[in-house]
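Morning, everyone. Let's bring up the model.

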Amino acid sequence: MHATTDIAPPQVGTRLPFGEFRPRRLAVALVFLALALMPGDFGALTRGLMVDAYTQVSVFVAATLFLFYGAERLFSFDIGTALRNAKGWQVPLAALLGATPGCGGAVVVVAAYSSGNVGFGAVVATLTATMGDAAFLLIATRPDAALVVLPLSLAVGVLSGWIVDAVSRDSMGPVTAKHCDLAPRIGATRPRDYLFALIALPGLIVGGAQLGGVDVRAVFGQSMEIVGLVGTAIGLFIWATSKLMAMSNADDAPVTRMAEETAFISVWVIGAYLAYDYLAAYAGLDLEAMFNSVALVLPLIAILIGFVPGCGPQVLVTTLYINGLIPFSALIGNAISNDGDALFPAIAINPKAAVWATAYSSVPALIVAYGFYFLAPGFMN
């Protein structure tokens, strides 16, 4: 018999009361607010970038998450049971869940592994296929690249999972936690969740118009900035008062889950947008020249960044690609090697399996990334 460790679940329905902030998150939110309120060109640039982050990324994240979680709630679909009964299709289905934008699908597979519903090959497949929250940013800004990255990551994930299952036969040892709550419950849907969804609707109209090539500032004028800044402010408030690390609990309402997770992703997107433009506009750094001087190792650096748990660093890599600072080879290497937020529950459930799954994903990441670097250096750049 193997020793197990229970992870006590939080009390269902508890939540931070209105106005109770998490100190570190509050500090970040206040910094963003202070930057936006700065006078002159600096403040105008900051506010413009926040509006762009909201209308170009956040509203599409919100729409996708609401559709995904709404369908999950509507059809009461038990993914763990379906994966267990899938047999030969288990690895492809796990990879497909991983390739779904965001980290929800990959976390579901990791949770299914903790309950014995899937094998280790499925974990490798989903962690290899997932691009995490960075997929939302890529889809919203470079859909042409997303149409290559996501299917390619899916195919590499399936192949990797099959190979691992054939070689390892689930040799990662027993699951070390027999009970692992991925996130605490929020409880009843809050007014802030409904308000976030309400503001996201006109934001989605603006974002859709942008994708269609419409001059949105000429059409929507000041109202566009109001929607973007109000939506950003509500998202920062939700994030600063949230007790969640990143993922929401499946028992919460779709609107609540959408608001919580979109707010979390939006903070990283805003940070990436501001960091890039501040460096380019005020630090005097020629990032393009700097990266060109180390071009050969850029794919390797992006792959190593992919080993860092969480989606923030991966969003930054995608932002660099969108702005033409790193090649497609670096982007695809990072997309294959990174595990997004799914690595956190993987480490909690079985650290050995998490480390080996990440290590296994580095092999196809190196092969594919440097394959594009040497054989198709200008592809999708």
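Start with two helices, α14 (298-306) and α18 (351-375). Each supplies at least two residues of a nonpolar patch. Keep in mind that this is a predicted model.

Who is in the patch? Val294, Leu296, Val297, Leu300, Ile301, Leu304, Leu366, Phe374 and Leu375 form it, on the surface. Together they have about 810 Å² of accessible area.

Pick out Ile301. Ile301 lies in helix α14. Is Ile301 fully exposed, buried, or partly exposed? Its relative accessibility is 38%, so Ile301 counts as partly exposed. The band for that label runs between 20% and 50%.

Buried or exposed? Asn338 counts as buried, because its relative accessibility is 0%. The cut-off for buried is under 20%.

What does Asn338 touch, leaving out residues up to four places away in sequence? The list is Leu127, Thr130, Met131, Gly132, Gly306 and Gln314.

One more distance. Asn338 and Ile303 are 35 residues apart in sequence. In space, C-alpha to C-alpha, they are 7.4 Å apart.

That's the tour. Questions are welcome.

Note on methods
Residues are numbered from 1 along each chain as its sequence is written. This is a predicted model: local features need pLDDT of at least 70, side-chain atom pairs count only at pLDDT 80 or more; totals for chains, interfaces and linings use all residues. Side-chain values use heavy atoms; hydrogens and water are left out. Patches are made of residues with over 30% relative accessible area and no salt bridge: like charges are joined within 9 Å, nonpolar side chains (Val, Leu, Ile, Met, Phe, Trp, Tyr) within 5 Å. Accessible areas come from the Shrake-Rupley method with a 1.4 Å probe; for residues, only the protein chains shown count as cover. A salt bridge is a side-chain nitrogen of Lys or Arg within 4 Å of a carboxyl oxygen of Asp or Glu. Helices (H or I, at least four residues) and strands (E, at least two) are DSSP runs, numbered from the N terminus. Buried means under 20% relative accessible area, exposed over 50%, partly exposed in between (1.4 Å probe, protein chains only). Contact means heavy atoms within 4.5 Å.
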